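Please read these notes with the model open beside you.

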Amino acid sequence: MKKIIYADNAATTSLNEKAYESMKQFLENEYGNPSQPYSFSTVSKNALKTSRKIIADCINAEPDEIYFTSGGTESDNWAIKGIAFANKKGTEIITSKIEHHAVLKSCNFVESQGYKVKLVDVSSNGTVDSEKLEKILSNKTDIVSIMYANNEIGTIEPIHSLASIAHNYNTIFHTDAVQAVGHVPIDVKDLDVDLLSASAHKFGGPKGIGFLYIKRNIEIQPFLNGGSQENNHRAGTENVASIVGMATALKESCNQINKHSFLLNARELLIKELIQNGLSYGVDFICNGNNNCFLPGLVSVSFKNKNGEQLMHRLDLRGIIVSTGAACDSINTEISHVLKAIKIPKYFAEGTIRISLNKNNSIDDIKLIALELSKIVLNI
Ligand code: PLP
């Protein structure tokens, strides 16, 4: 295979080696159904228990607060629908304009069932304004759902203060932390969130597995009905191998947080390199999101009067893999809802690409990406 620079880790990551090793025995010999009482199932039953504890420890939760799901999309769907349909307070939901479609479309569905959905605005760097949230909250609001970190522009939201505002109204607070878990320290007790979504393939785990943190005593409707798995809340035989792989990958990822300083400086470095290669900041290109509070390694960069898709394909021809925005939306060539919400001018928005690096990348990768990008931009 030709050597590539993979810089689309916000879309998905490669499987961590230790995670892969930890999964093998459950794909080969230890295939017992963890719900069965006989001794052959003991190893898989114990593996679930250990994995739940490892995951809980990584986010300072209790093991019985971790519910395994099929990934971020399911966790988000369950959080929104499960709280709304538990119907404890009213018929109102609040979310932001820059959420992932897993949240926005779950809200649309709940809206079609008679609920009212309110969208809170964000500032030009993608930060949800606490005062604006407070203005639209009411005693009828069942749930506020605000993402921990945006998947297109990397802005990290002030989750602790947003959650405490929601709690002033006795409203449940959910955060979609799919892009953040394993990349920044997460402590659900400090954050004071009630629900938190995560997905393994964003932090070196396998695809198709994730979890939803549900704080003890939060009333939520079960997501799947059937067997008694996941405390009667999510029926279906557990994907033991993937759950074990997810726990191993999360532990590995959490051990690496803040250990790769080039990820914290990726924005600065990319900007510096683009300038050195002949482009001018603010004239030829801009970086989107909050420069003070962003996901390590994620850089959203917009080039004036260019086409993001064309840039992405030209980089691809040079062996550099980036995306034009949200991975799940690569078929949709319109300006994304996130770029619209932060109101960047159309002539910049259309030329946007997302570079997302992780510990498998290096400073040299950033330099090479900047060099190739500059050559492409100056020649089209
Ligand atoms: N939420 C966010 C913020 C995401 O970035 C993604 C995936 O890109 C999801 C949810 C969906 O996660 P999954 O691919 O595990 O369904």
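**Notes on the model**

1. Glu230 has its place in helix H8; helices (H or I, at least four residues) and strands (E, at least two) are DSSP runs, numbered from the N terminus. The phi of Glu230 is near 50°, a positive value in a residue other than glycine. Most residues other than glycine have a negative phi. Glu230 is buried, at a relative accessible area of 7%; buried means under 20% relative accessible area, exposed over 50%, and partly exposed in between (1.4 Å probe, protein chains only).

2. A word on the source: this is a predicted model, in which local features need pLDDT of at least 70 and side-chain atom pairs count only at pLDDT 80 or more, while totals for chains, interfaces and linings use all residues. Residues are numbered from 1 along each chain as its sequence is written, and side-chain values use heavy atoms, with hydrogens and water left out.

3. Asn217 also has a positive phi, near 75°, and is a residue other than glycine. Asn217 sits in the loop between strand E8 (210-214) and helix H8 (229-232). Is Asn217 buried or exposed? Asn217 is exposed, because its relative accessible area is 79%.

4. Next come pairs of helices. Two packed helices are described by the angle between their axes and the distance between the axes. For helix H1 (residues 17-27) and helix H9 (residues 240-256), the axes come within 8 Å and cross at roughly 160°. Axes here are lines fitted to C-alpha atoms, for helices over the stretch in contact, and angles run from 0 to 180 degrees between N-to-C directions. H1 is therefore roughly antiparallel to H9; angles under 35 degrees count as roughly parallel, over 145 as roughly antiparallel, 65 to 115 as roughly perpendicular and the rest as oblique.

5. The crossing of H1 and H9 is right-handed. A crossing is left-handed if the near helix is turned anticlockwise from the far one by less than a right angle, and right-handed if clockwise. Residues in the contact include Ser22 and Phe26 of H1, and Val244 and Thr248 of H9; contact means heavy atoms within 4.5 Å. By class, the residues of the contact of H1 with H9 are eight nonpolar, four polar and two charged. Ala, Val, Leu, Ile, Met, Phe, Trp, Tyr, Cys and Pro count as nonpolar, Asp, Glu, Lys and Arg as charged, and the others, Gly among them, as polar.

6. Helix H9 also meets helix H2 (residues 42-58): the axes of H2 and H9 come within 9 Å and cross at roughly 30°. H2 and H9 are therefore roughly parallel to each other. H2 passes H9 in a left-handed crossing. Among the residues that meet are Leu48, Ser51 and Ile55 in H2, and Val244, Ala247 and Lys251 in H9. The contact of H2 with H9 divides into 12 nonpolar, two polar and one charged residue.

7. How do helix H3 (residues 72-86) and H4 lie, and at what angle do their axes cross? The axes of H3 and H4 come within 9 Å and cross at roughly 30°. H3 is therefore roughly parallel to H4. The crossing of H3 and H4 is right-handed. The contact takes in, among others, Asp76 and Ile80 of H3, with Ser106 and Val110 of H4. In the contact of H3 with H4 there are eight nonpolar, three polar and two charged residues.

8. Ser96 has its place in strand E3 (residues 92-96). Ser96 is buried, with a relative accessible area of 0%. A polar contact of 2.8 Å joins its side chain to that of Glu99. A polar contact is a pair of N or O atoms within 3.5 Å; within protein, one must be able to donate a hydrogen and the other to accept it, and residues adjacent in sequence count only if both atoms are side-chain atoms. The side chain of Ser96 also reaches the backbone nitrogen of Ile98, at 3.2 Å.

9. Arg354 lies in strand E12 (residues 352-356). Arg354 is buried, at a relative accessible area of 1%. The side chains of Arg354 and Asp8 are joined by a polar contact of 3.0 Å.
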